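Work through the exercises below with the structure in view. Try each task before you read its solution.

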Amino acid sequence: MIPLSWFLILSAVLFLIGVLGFFVKRNIIALLLSVEIMLNAVNLTFVAFSSRNGQISGQVFVFFVLVVAAAEAAVGLALVIAMFRNRETLNVDRSNLLKW
Amino acid sequence: MILKMVIVFGGLLGAFAYLSLVERKVMAFVQMRPGPNRVGPFGLLQPIADGLKFLFKEQVQPTAANPWLYLAAPLISIIPALLSFSVIPFGPALQVTDLNVGLLVVFAVGSLSVYGIVLGGWASNSKYPLIASMRSSAQMISYELSLTLSVVGVLLLANTLSLVELVRSQEGTWLGFLPKWNVFLQPIGFIIYMIAATAESNRLPFDLAESEQELVSGWHTEYSGMKFGMYMLAEYGNLTASVCIATILFFGGWNGPSFGPDWLVMILPTIWFILKIAVFIFIYVLARATVPRIRYDQLMRFGWKYLLPVALANILITSFLVAIS
Amino acid sequence: MIEVMFFFFAALAIGAAINVVVQKHVLYSALSLIVLLIAMSGLFILLQADFLAVINVIVYAGAIMVLFVFVIMLLNLPQDEDGADRLRWLKFLGVPMGLFLLFMILSTIWGARTVDGVEPRLVGSPEAIGRSLFTDFMLPFEVTSLLILIALMGAVVFAKKEL
């Protein structure tokens, strides 16, 4: 029998890794991948709670998170392609035209 | 359980090897020539000779290739092809496991097999494999949609995702002689499934990814030896898995008239299953020998503009008919 | 036995997540994310959510990640440029801040758990999810179809060469 707290700790650690990746990486696609890690950690929390409390709505929410992740990945990657066409680089540090 | 797995997967690998012989012989007879008949009687030892050749051949690896991905890509190709057989029932109690969502597991591992091709082309780091793998993966993910949508009609009729239950829902006959197969209830779904499954396994007429006339050998140009052997096994494995799912979903799986003494009744369902698979494989090989290859833009247009709307219309009509009855 | 499988999938998930962050070439990060998704599917199966596990593989690992891999191969960049590493000293601040974030997350969701060691009371069958999706969650379901349409139009507009 696996206690619920193990799943919660695992999902918190994964979320933390996603956040750290989002802060540290300079490549835009790597940033998008870190966001996907965070979304997956949240999915795990949803499913863990839904399984322990006996309600199915947690798993239905995972569906919606999945749909939103797909939409966000599609639009994000289109933006990445547009940005690459203009700038020839994917480094976010170089996209600082609006800086003072 | 372990014994079942060993028997199933060992037998399957041998069956895939002999499938290559079947394909060569049938294509040869269509083209009015004898085919392999030197090695053993009627060429029956040819696959063993081929297997030994693959094992002993020198594995040439391009210098600029990515070593980890170059090694991993054939593995990623063959593991899904074999995994999908873990849920397929060959007889009334003959499956490795029966999952609640068995049909979706087959589609899930099918969608993972795209990576074998994409990474194979990328890791080879040369022109022809890259073009071929990009084309092939675009083709596979486009036809994957029509594939999954075409079976929704069958699922609406059977109300279950488990493959064993799908076979059981097609037992019996109507009017005493017409078997209760789903192909009579869902003919359009069956046709869409066959077309999409041909595209998923990269067979003619959808095999421009490995067309010998245009792209040397497609995404496995730079592969030799056992890695190439694994790609070949994976291709036949995907073909056989699609054919098995087609028989289970549309043609009643292992259902068939049972007669004779007790020992015959026990193995008769498996014999019916193998007979049905053999008919479909024959049709596939015949299609490879006769139909020309489709151009890439024709293929994409067909997949998105014709096949997908027809699959959606099929679902719509089926759900309407199920709702009013 | 179940604990062994949990530790295997958990170690695989954490290893894959760390690999996503650590790798220099973004293609390896994407492939590690695919491994993470497969580990997630394993964990979902341990939680009796088998339909979601398979859907995770079909949709996330089989479609979204293919999109990522396509774009990475299309743009074909070499390894990460080193750039101006102005924030070198901030990285050492990252570890205690990270642990602080972990503590905050855990303290928020720790109180919501029910009694440890209770059997899972739910089997995530497709029928249960479908029933809930089409009765309680009908409005969000229809709205997500609009959302996907908007994302589709947005992606096509952004990726065009000239509008």
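**Exercise 1: domains of chain C**

Task: which domains does the assignment of chain C give?

Solution. The assignment gives domain 1 (1-77) and domain 2 (125-163) of chain C. Such bounds come from an automatic or database domain assignment. The C-alpha centres of domain 1 and domain 2 of chain C lie 23 Å apart.

This is a predicted model: local features need pLDDT of at least 70, side-chain atom pairs count only at pLDDT 80 or more, and totals for chains, interfaces and linings use all residues. Residues are numbered from 1 along each chain as its sequence is written, while chains are lettered from A and ligands numbered from 1 in the order in which they are written.

**Exercise 2: the core**

Task: find how many residues the largest nonpolar core has.

Solution. Start with the terms. A nonpolar core is a set of buried Ala, Val, Leu, Ile, Met, Phe, Trp, Tyr and Cys residues joined through C-beta atoms within 7 Å. Buried means that 20 or more other C-beta atoms lie within 10 Å of the residue's own, with C-beta atoms placed from the backbone. The largest such core has 151 residues. Helix α3 (residues 50-75) of chain C gives the largest share, 16 residues. Helices are DSSP runs (H or I, at least four residues), numbered from the N terminus. Domain 1 and domain 2 of chain C both contribute residues, so the core lies between them.

**Exercise 3: chain C against chain B**

Task: which helix supplies the largest share of the side of chain C that touches chain B?

Solution. Contact means C-beta atoms, placed from the backbone, within 7 Å. Chain C brings 13 residues and chain B brings 15 residues. On the chain C side, α3(C) supplies the largest share, eleven residues.

Definitions and conventions: Buried ≥ 20, exposed ≤ 12 C-beta atoms within 10 Å, placed from the backbone. Helix = DSSP H or I, 4+ residues; strand = E, 2+ residues; numbered from the N terminus. Contact = placed C-beta atoms within 7 Å.
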